[in-house]
Amino acid sequence: MKTISDWIDSCSKEQLETYQEWFNLADSDGDGRVTGNDATKFFALSNLSRSQLKQVWAIADAKRQGFLGFQEFVIAMQLVALAQAGYDINSDILKTEIDKENIKSPVMEGLDALIAKTKSLTINAQPDVFGTAQPQPLPLNSWAGPKSVKKLPLSAVTSIIDGLKRLYVERLKPLEVTYRFNDFVSPLLTNSDFDAKPMVMLLGQYSTGKTTFIKHLLRCDYPGAHIGPEPTTDRFVVVMSGPDERSIPGNTIAVDADMPFSGLTTFGGSFLSKFQCSQMPHPLLDEITFVDTPGVLSGEKQRTQRSYDFTGVISWFAAKCDLILLLFDPHKLDISDEFKRVIGSLRGHDDKIRVVLNKADQIDTQQLMRVYGALMWSLGKVLNTPEVVRVYIGSFNDKPINEGFVGPLGQDLFEKEQNDLLADLVDIPRKACDSRINEFVKRARSAKIHAHIISHLKNEMPAMMGKAKAQQRLIDNLEDEFRKVQREFHLPAGDFPNVEHFREVLSGYSIDKFEKLKPKMIQAVDDMLGYEIPELLKKFRNPYD
């Protein structure tokens with residue numbers, strides 16, 4: 001017997017055509033999105049209770065985008081049909097088994113008359129010949145009478161992500177440009193940064209199974225995948241959805257406005273020659289993008305033989321990613337200085353880090369216990385957090401688990417751990433919108449602190465003589481200047497940038513040419529964080545709350 005989730009995915013062609021007609025009717029402004037206001041009017045025709053419709057919206061808008069696209073609208077309509085058939089709509093309903101023969105299409109009272117009215121208006125409208133008027137579909141707002149139809153203002157947005165784009169351009173970007181935030185911390189954001197799919201980055205020393213892990217999840221090879229005991233992945237590979245299987249070189253990706261990688265141009269041609277995008281059609285890649293990284297080398301090779309800023313690139317990707325997986329091999333538990341530096345570049349993104357002890361079936365149960373303890377001890381010295389990091393234990397490849405080593409107890413453990421990790425990955429698309437908001441707020445706070453630092457350094461410069469000496473003194477005593485800014489404006493110390501990196505970038509600029517503090521810009525960002533973002537979230541919450 002099928003589950004409800006399978007049943008929803010197996011809509012007939014006729015049903016989809018019907019739902020498309022309903023969707024076009026419900027979508028009052030024709031932008032391909034049914035907003036909360038649209039939904040409350042349309043779903044009212046189902047005669048379901050408010051509590052039932054609240055659950056329908058919550059399940060259909062699982063990603064919390066604040067609107068329903070066509071796919072989500074179909075899910076909502078199928079859930080309405082289930083509710084009308086007597087099913088209890090709750091968060092676990094998608095796993096419930098169903099007898100599809102007893103489920104009929106949803107009944108929407110008064111909808112046929114409304115569709116007929118819309119069609120008659122379209123037929124009676126004059127054709128668009130020689131500049132005459134085009135037929136206009138009847139908007140959903142017209143149900144309440146012609147006086148309720150209002151033209152949407154240009155500033156109106158129909159999703160949380162669109163709202164964040166507008167706030168960035170109007171509030172945050174002017175501050176970033178004025179105080180050169182893009183030169184010191186992170187490149188300016190583009191539309192593709194907001195619209196990008198959630199990303200998962202895999203980090204680890206060579207031959208810890210990063211590429212094999214991605215292949216295991218996809219259950220197939222992807223273009224450009226190389227696997228071997230030696231350091232085989234010598235480049236950053238972004239594995240994402242595409243119409244066909246192909247590899248795109250780094251320089252091409254970096255200039256593609258539809259991809260969120262334009263910021264990588266700051267690392268130069270040496271890096272872009274070691275960067276590529278592997279595209280292929282795959283249902284998992286429609287939801288998540290994977291970033292495969294070169295194995296972290298040991299000794300001086302990591303620093304001297306990389307022709308680009310490896311830790312800088314890792315830090316850039318860390319800010320963009322929704323999840324960071326640190327992979328370890330039971331035989332490679334030592335965290336070298338280079339790997340420690342890479343993990344240190346993830347500072348500020350501790351909530352995204354998950355640790356995977358891979359290839360755990362290569363050792364027996366007693367050794368696994370000791371290896372796990374040694375790994376936790378090593379991580380405790382590197383990850384400066386009081387909480388214990390989540391470690392997944394397993395063997396993430398397509399080979400059967402070596403029962404001779406691990407025994408039945410180990411096999412059961414591996415299966416549970418793998419299911420937990422997969423559940424974590426499956427949850428990523430649902431949390432993507434929340435993650436975007438989280439990163440946006442973090443960026444806004446960081447930009448605000450950056451503006452205070454830059455303006456403070458400017459104020460410390462003399463008006464006429466001795467500018468070069470004053471600049472050198474400020475650069476040398478940067479830690480003290482940070483503390484002064486922190487005390488003066490009551491800012492949290494943990495939000496301040498890395499002193500050494502800031503000093504390195506600052507040495508290439510003339511502090512005297514920086515801008516003084518502009519209180520109006522700071523106030524605009526404060527208002528955005530204090531009022532506008534909460535209002536945006538309130539606008540696009542569940543319309544039945």
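**Exercise 1.** Work out whether lysine 359 and aspartate 329 are buried or exposed, and what links them.

*Solution.* Start with accessibility: lysine 359 and aspartate 329 are both buried (under 20% relative accessible area; exposed is over 50%, partly exposed in between, with a 1.4 Å probe and protein chains only). Next, look at the side chains: they meet in a salt bridge, 3.7 Å from N to O (a side-chain nitrogen of Lys or Arg within 4 Å of a carboxyl oxygen of Asp or Glu). Helices (H or I, at least four residues) and strands (E, at least two) are DSSP runs, numbered from the N terminus.

Keep in mind that this is a predicted model: local features need pLDDT of at least 70, side-chain atom pairs count only at pLDDT 80 or more, and totals for chains, interfaces and linings use all residues. Residues are numbered from 1 along each chain as its sequence is written, and side-chain values use heavy atoms, leaving out hydrogens and water.

**Exercise 2.** Find the salt-bridge partner of aspartate 193 and say why the pair ties together separate parts.

*Solution.* The partner is lysine 320, at 3.1 Å from N to O. Aspartate 193 lies in helix H9 (residues 191-195) and lysine 320 in helix H14 (residues 310-320), so the bridge ties together parts 127 residues apart in sequence. As for accessibility, aspartate 193 counts as buried at 14%.

**Exercise 3.** Describe the accessibility of the pair aspartate 244 and arginine 246.

*Solution.* Their closest N and O atoms are 3.8 Å apart in a salt bridge. Aspartate 244 is partly exposed at 40% relative accessibility, and arginine 246 is partly exposed too, at 42%.
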